[in-house]
Amino acid sequence: MNKIMDQESVEKKISNKELILRKAYGLFLKKGYQSVSIKDIMEASNLSKGGIYHHFENKEGILREVLDQYFFKTLSIDKSIFEGLSFKDRIEMIYKLGVGLFAMVESMGKNGIKYPIQRLFHFQLECENFPEMRKEFSNTSIAYAKIVQDIVYEGIQNGEVKSELDPEILSYQIIGMIEGIAIHNSTVKQDIENMLMRKYEKVFNSYFNFICPKSKA
């Protein structure tokens, strides 16, 4: 009930354009992009056709801004957020960015969205049918991987990670574990944020014991 009330409170304060994006995102996640019509978005946002087309040329234009607002910007990382943080805290922050994506999905819609990991994965696959969007997903993944690699290299240089370990392999392992936790738990219905953070502690605490010197583990 609190989540529903929070969503209603948020939607009363945002602009019509933001409302369209929010409602459209919820519909795309629930029904799939191809199954959603402009009429569906009109009804969900309680706006006229003119109210929709005042902000967007077509449904694809809405999709592009939805992705930019709720996906690409969320994973666009400013390295300054890592200043003063330890290696382990930086990895946790990287992980929490992904958790935030799934938590946002769960919060969408009047009654929230069940199975948020599945829904987001399906939505992403559908979006990759558009060549430009597929390229943007690829670029975002490459940039994300580069951030993880930089964190690992700095961790080795600072003595927070064992120097005899291969930084490139460690980077792939970390990214693989982050993605693996999400995939392995894609059938979880709700309360996704708490569940994913519990999984993080269980998986990564053991991993840090292996890759970090005893004084840093």
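What follows is a list of stops, each with something to select.

**Before you click**

This is a predicted model, so local features need pLDDT of at least 70 and side-chain atom pairs count only at pLDDT 80 or more, while totals for chains, interfaces and linings use all residues. Residues are numbered from 1 along each chain as its sequence is written, and side-chain values use heavy atoms, with hydrogens and water left out.

**Stop 1: the whole chain**

Show everything as a cartoon. You'll find ten helices and zero strands; both are DSSP runs, numbered from the N terminus (helices are H or I with at least four residues, strands are E with at least two). Along the principal axes, the C-alpha atoms fill a box of roughly 60 × 40 × 30 Å.

**Stop 2: two domains**

Now colour 14-64 as domain 1 and 76-211 as domain 2. These bounds come from an automatic or database domain assignment. Taken over C-alpha atoms, the two centres are 28 Å apart.

**Stop 3: residues with a UniProt label**

Select 14-74, where UniProt has the feature "domain: HTH tetR-type" from an unreviewed entry. That stretch is 70% helix and 0% strand. UniProt positions are given in the numbering used here, feature names are shortened, and annotations may be inferred rather than shown by experiment.

**Stop 4: where the domains meet**

How many residues of domain 1 are in contact with domain 2? Twelve, and they touch 14 residues of domain 2, contact being heavy atoms within 4.5 Å. Together the domains bury about 1,300 Å², 67% of it on carbon and sulfur atoms. Buried area is the accessible area (1.4 Å probe) that two parts lose on being put together, summed over both. Select Tyr-25, Leu-29 and Lys-30: they supply 45% of what domain 1 buries against domain 2, more than any other three residues.

**Stop 5**

Show the side chains of Glu-132 and Arg-64. They form a salt bridge, with the closest N and O atoms 3.2 Å apart. The rule is a side-chain nitrogen of Lys or Arg within 4 Å of a carboxyl oxygen of Asp or Glu. Between domain 1 and domain 2, the count is one salt bridge. Helix 2 gives the largest share, six residues.

**Stop 6: back along the chain**

The salt-bridge count by this rule comes to nine. One to select is Lys-17 with Glu-65, whose closest N and O atoms are 3.4 Å apart. This pair links distant parts of the chain: Lys-17 is in helix 2 and Glu-65 in helix 5, 48 residues apart.
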